[in-house]
Amino acid sequence: MFGKGSSASRTRRRNDILAFLALSAYTAFALFPLFWIFLLSLKTQKDVIATPPKFFFTPTLENYAVVLSRPDFLTPFKNSLIVTSGSLLLSAFIALPAAYALARMEFRAKEDLAFAFLSLRFAPELIILLPLFVIYQSFGLYDTYIGLILIYQLITFPLMVWMMRSFLEDVPKELEEAVQIDGGSWFTSFRMIITRIALPGLAASCVLSFIYAWNHFVFALVLASQRTQVITGGLLQFISFEQIQWGAMAAGVMLAIIPEFIIAVFALRYMIRGLTAGTVKG
């Protein structure tokens, strides 16, 4: 009996070690491109184009100094903060009541409406960009913050609706019944659930929506000019007819991911609770 128990323990330990090694290998594989970009940001142009690639070199911060001194990087960085924050605020204002209605109320064609929201993410961007460009030119929305915030709803709104709906469906309905017994309205229930119980789900959906919107490239490339261009398009400024400034572009990428990293770190605790909302608890 002890021999069998010892053998099972060794088997579990071996499986744990294999799983740890496999996850470590996958993590290293997934993070290697980011590590390579970080190395490029510390290289001179000569070291960047060296063949074979150099893993050992004298690091320099010149690329970061160049990037931070260029308005064609700082302006898109500021624009991204404005557009992404504005799109999140607008999405939250619209998506939270929509998610609450889909999760807590019963009405005809509810699932059809939910799928219609989700289908906004299915629309091929390259197909809708040409008519959007014409519409934006006609209504004066081209190259404006408002225009970009509106079109970014195709990114943030469906994600926020579906994530918040999943979280709200896991909230016991007895809480709403208790509020109604105390004389509260549906808006009182909505406010209590969103600001207290559903806050982890709101944090998770906001973080993921921010990341998707911050990293988006196509909409701003077509519907914005240099005045309102976002960071993903601003990085193209390091590509010219004469050369590609690989080191400066890599430094710009490292600086561009700082807001995402900061938001993810501060909201990590809420993200874990929010992303596991709606799962089966046994």
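These are my notebook entries on a predicted model.

**Entry: the largest pocket**

I started with the pockets. The largest pocket holds about 170 Å³ of space. I listed its lining next. Lys43, Thr44, Gln45, Glu62, Asn63, Val66, Gln243, Gln245, Gly247 and Ala248 line the largest pocket. Two elements give two or more residues each to this lining: helix 3 (62-68) and helix 14 (246-256). Which helix gives the most to the lining? I found helix 3 at the top, with three residues. I then sorted the lining by class. Six residues are polar, two are charged and two are nonpolar.

**Entry: a phenylalanine patch**

I looked for nonpolar side chains on the surface. Phe32, Phe35, Phe38, Phe55 and Phe56 form a nonpolar patch there. Together these five residues have about 590 Å² of accessible area. I checked one of them, Phe56, in detail. Phe56 sits in the loop between helix 2 (45-48) and helix 3. Is Phe56 buried or exposed? Its relative accessibility is 80%. The cut-off for exposed is over 50%, so Phe56 counts as exposed.

Most residues other than glycine have a negative phi, and most peptide bonds are trans.

- The peptide bond between Thr51 and Pro52 is cis, with omega about 0 degrees. Pro52 lies in the loop between helix 2 and helix 3. Phe56 has its place in the loop between helix 2 and helix 3 too.
- Ala109 is not a glycine, yet its phi is positive, about 60 degrees. I placed Ala109 in the loop between helix 4 (71-104) and helix 5 (110-119). Ala109 counts as partly exposed, at 46% relative accessibility.
- Asp143 also has a positive phi, near 60 degrees, and is a residue other than glycine. Asp143 is in the loop between helix 6 (125-139) and helix 7 (145-151). With a relative accessible area of 12%, Asp143 is buried.

**Entry: salt bridges**

Side chains of opposite charge can pair when their charged atoms come close. I wanted the pairs in this model. How many salt bridges are there? The count comes to six. I wrote up some of them.

Glu106 and Lys110 meet through their side chains, at 3.4 Å from N to O. Glu106 has 66% relative accessibility and counts as exposed. Lys110 has 10% and counts as buried. The buried cut-off is under 20%, so Lys110 falls within it.

Next I returned to Asp143. Its side chain meets that of Arg227 in a salt bridge, at 3.6 Å from N to O. Why does this pair tie together parts that are 84 residues apart in sequence? Arg227 lies in the loop between helix 12 (218-223) and helix 13 (231-234), while Asp143 lies in the loop between helix 6 and helix 7. The pair therefore links two loops that are 84 residues apart along the sequence. I noted again that Asp143 is buried, at 12% relative accessible area.

Then I took Arg165 and Glu169. Their side chains form a salt bridge at 3.1 Å, N to O. Arg165 is buried, with a relative accessible area of 7%. Glu169 counts as partly exposed, at 44%. I asked which residues are linked with them in a network of salt bridges. Glu111 is linked with Arg165 and Glu169 in such a network.

**Entry: two distance checks**

I finished with two C-alpha distances. Glu125 lies in helix 6. At 25% relative accessibility, Glu125 counts as partly exposed. The C-alpha atoms of Glu125 and Val218 are separated by 7.6 Å, and the two residues are 93 apart along the chain.

Leu23 is exposed, with a relative accessible area of 57%. I checked Leu23 against Phe219, 196 residues away along the chain. Their C-alpha atoms are separated by 35 Å.

How values were computed
Residues numbered from 1 in each chain as written. Predicted model: local features only at pLDDT ≥ 70, side-chain atom pairs only at ≥ 80, totals over all residues. Heavy atoms only, no water. 1 Å grid on protein atoms, 1.4 Å probe; cavity = no way out; pocket = protein on both sides within 12 Å on 5 of 7 lines; lining within 4 Å. Points joined across faces, edges and corners; volume = space filled by probe spheres on them. Helix = DSSP H or I, 4+ residues; strand = E, 2+ residues; numbered from the N terminus. Nonpolar A, V, L, I, M, F, W, Y, C, P; charged D, E, K, R; others polar. Patch = residues over 30% accessible without salt bridge, like charges linked within 9 Å, V, L, I, M, F, W, Y side chains within 5 Å. Areas by Shrake-Rupley, 256 points an atom, 1.4 Å probe, with all protein chains shown as cover. Salt bridge = Lys/Arg side-chain N within 4 Å of Asp/Glu carboxyl O. Buried < 20%, exposed > 50% of the residue type's maximum accessible area, 1.4 Å probe, protein only.
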